[in-house]
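Open the model in your viewer and keep the selection tool at hand. This tour goes stop by stop.

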Amino acid sequence: MTSAPTPTPRTLAPTQQSRPTPVRVPDLLTRFIRIPSPLGRIEIVADAGEHPAIVGVTLESAGALPLDDLDDRPDELLLEAADQIGAYFLGQVPVPIGAAGPPAPPPPFTVPVRAEGTAFQRAVWAQLTRVPFGTATTFGDLAAAAGAPAAGRAVGCAVRRNPLALLVPCHRVLASGGRFAAYSGVNRSGGNGQPTKAWLLEHEGIDHHP
């Protein structure tokens, strides 16, 4: 299989977010939709202000999403994000009839994103967007790539604080030796812990160990 191209890191906002909630209470410039997936519903949130961007992707947890009490507020950016996430869950782009070669992996996400966090957290998240479909990195390698090779523990905290499940692929972070670590999105981006991470790793064909 031809390896997926390494996507260009996308802009992450230079602001800080200390609360564990995935998104703020919606205002008039906040748009959001819920879409189905093999992992349950997914909530996608966008800021429709002067510089539109996806600001939250949350996986359903215990049957609930943060904005379940509100009706969807779709826009074109959210629909594009939904299409790209749908392509991700398809896993591969089929080869046209008569064409040579194996199926290609899904294209990298290209919708603009903006995530609130410390400068270090944003550096970690930016490096995560460089990890292609079907490959994994380690906490140590991620720390080195973010410019702080001794900060493995801080990297783990940043990974758990990721507000953009799938678009910033925190599930591709493993402990050394490919050992399995609990799904990093549980605290900030929903999901159901180890089963969610295991499903995503297996979906991408990434080897991992208990």
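Start with helix α1, residues 76-90. This helix lies across β1, β2 and β3. Against β2, helix α1 runs at about 145 degrees. Keep in mind throughout that this is a predicted model.

**The sheet under the helix axis selection**

In what order do the 3 strands of the open sheet stand? The order is β1-β2-β3, and the pairing is antiparallel. Strands of a sheet pair through backbone hydrogen bonds, either parallel or antiparallel.

Colour β1 (30-35) and β3 (53-59) next. Both stand at the edges. Each has a single partner strand, so one side of each is left without a neighbour in the sheet.

Zoom in on β1 and β2 (residues 42-47). Over how many bridges do β1 and β2 pair? They pair over 6 bridges, in the antiparallel sense. Pick F32 and look across to β2: the bridge partner there is V45.

**Inside the helix: Q84**

Return to helix α1 and select Q84, which is found there. Is Q84 buried or exposed? Q84 has 12% relative accessibility, so the residue counts as buried, the cut-off being under 20%.

Show what surrounds Q84. Leaving aside residues up to four places away in sequence, Q84 touches P108, F109, T110 and V111. Stop at T110. The backbone nitrogen of T110 lies 2.8 Å from a polar atom of the Q84 side chain.

**Two cysteines**

Select C157, then C170. C157 has 37% relative accessibility and counts as partly exposed. C170 has a relative accessible area of 0% and is buried. A disulfide is a covalent bond between the sulfur atoms of two cysteines. How many disulfides does the structure hold? The count is 0.

**The whole protein**

Zoom out and switch to a cartoon view. The protein has 6 helices and 5 strands. Follow the chain from the N terminus: the elements run β-β-β-α-α-β-α-α-β-α-α.

Now colour by burial. Of the 210 residues in the protein, 47% are buried.

Last, display contacts between residues at least 6 apart in sequence. Of these, 69% join residues at least 24 apart.

Technical notes: Residues are numbered from 1 along each chain as its sequence is written. This is a predicted model: local features need pLDDT of at least 70, side-chain atom pairs count only at pLDDT 80 or more; totals for chains, interfaces and linings use all residues. Side-chain values use heavy atoms; hydrogens and water are left out. Two strands pair if DSSP finds at least two bridges between them. Helices (H or I, at least four residues) and strands (E, at least two) are DSSP runs, numbered from the N terminus. Contact means heavy atoms within 4.5 Å. Axes are lines fitted to C-alpha atoms, for helices over the stretch in contact, and angles run from 0 to 180 degrees between N-to-C directions. Buried means under 20% relative accessible area, exposed over 50%, partly exposed in between (1.4 Å probe, protein chains only). A polar contact is a pair of N or O atoms within 3.5 Å; within protein, one must be able to donate a hydrogen and the other to accept it, and residues adjacent in sequence count only if both atoms are side-chain atoms. A disulfide is a pair of cysteine sulfur atoms within 2.5 Å.
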